[in-house]
Amino acid sequence: MKRLSMDPADTHKLQKIRRHRLFYAVTTYLFVLSVVYLIGWSGIDDISRESWIALILVALVGNLIFLALFLSNLNLKLPDHSMTRLQIIYSAAWGVIGVLAAPNARALVLMLYLPSFMFGSLRLARREYLELVMIISAILACSLVAEYWYIRPDMNVAYEIVLWFCFTMILIWLALFGSYVYGTKQSL
């Protein structure tokens, strides 16, 4: 498929919009960090120093990489110039740190996946969105299996499976609705 060349002014305008979306993504990371802080502060879970360092460094490094790609225009060499899928997958992988760091508040931490997942409604069609659900659900399932085998063999497996299933069903619903919003926007 041949790409049309864009006017540099249009490219600049679109890049500015993409950087603005990244700003919203960064505020989402800060929101998640503040909720995880409250989880630790309230005593719901004891968040280790190592978990805090990992949460902060992984968020910082990932977002700096995305920013560098936007500022250097290297994102324009990718099929999805906005890197929507990449950013959502990165956010989901980053969220595993919180999922593992706060097992007593896991349901709260999983709710925090939803704001970043909704960024897909700006760019993703149904098939892409549902593929994203499968990826995120698989990331979470793998982290729970690893947690069971290496960290908490005494975890309530039935509860974790039901929580994972409910979380996946919510993501599917949001993907269907988000892709409907995107499709409607495209039609208009």
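Me: Why is Tyr 90 called partly exposed?
Reply: Tyr 90 has a relative accessibility of 25%, and as buried means under 20% relative accessible area and exposed over 50%, with partly exposed in between (1.4 Å probe, protein chains only), Tyr 90 counts as partly exposed. The model is predicted, with local features needing pLDDT of at least 70 and side-chain atom pairs counting only at pLDDT 80 or more, while totals for chains, interfaces and linings use all residues. Residues are numbered from 1 along each chain as its sequence is written, and side-chain values use heavy atoms, leaving out hydrogens and water.

Me: How many aromatic pairs does a search of the whole structure find, and what makes the pair of Phe 66 and Tyr 90 edge-to-face?
Reply: The search finds nine aromatic pairs. In the pair of Phe 66 and Tyr 90 the centres are 5.9 Å apart and the planes 85 degrees apart; rings of Phe, Tyr and Trp (its six-membered ring) pair if their centres lie within 6.5 Å, and planes under 30 degrees apart count as stacked, over 60 as edge-to-face and the rest as tilted, so the pair is edge-to-face. Phe 66 lies in helix H2 and Tyr 90 in helix H3, so the pair ties together parts that are 24 residues apart in sequence; helices (H or I, at least four residues) are DSSP runs, numbered from the N terminus.

Me: How do you know whether Phe 66 is buried or exposed?
Reply: Phe 66 has a relative accessible area of 8%, and therefore Phe 66 is buried.

Me: What makes H1 and H3 roughly parallel?
Reply: Helix H1 (residues 8–42) and helix H3 (residues 84–101) pack at an angle of about 10 degrees, with their axes 12 Å apart. Angles under 35 degrees count as roughly parallel, over 145 as roughly antiparallel, 65 to 115 as roughly perpendicular and the rest as oblique, so H1 and H3 are roughly parallel to each other.

Me: Which residues of H1 and H3 meet?
Reply: Leu 22, Ala 25, Tyr 29, Val 32 and Leu 33 in H1 meet Gln 87, Tyr 90, Ser 91 and Trp 94 in H3, where contact means heavy atoms within 4.5 Å.

Me: Why is Arg 106 called buried?
Reply: Arg 106, found in helix H4, has a relative accessible area of 1% and is therefore buried. Apart from neighbours within four places in sequence, Arg 106 is in contact with residues including Glu 147, Arg 152 and Glu 160.

How values were computed:
Axes are lines fitted to C-alpha atoms, for helices over the stretch in contact, and angles run from 0 to 180 degrees between N-to-C directions. Helices (H or I, at least four residues) and strands (E, at least two) are DSSP runs, numbered from the N terminus.
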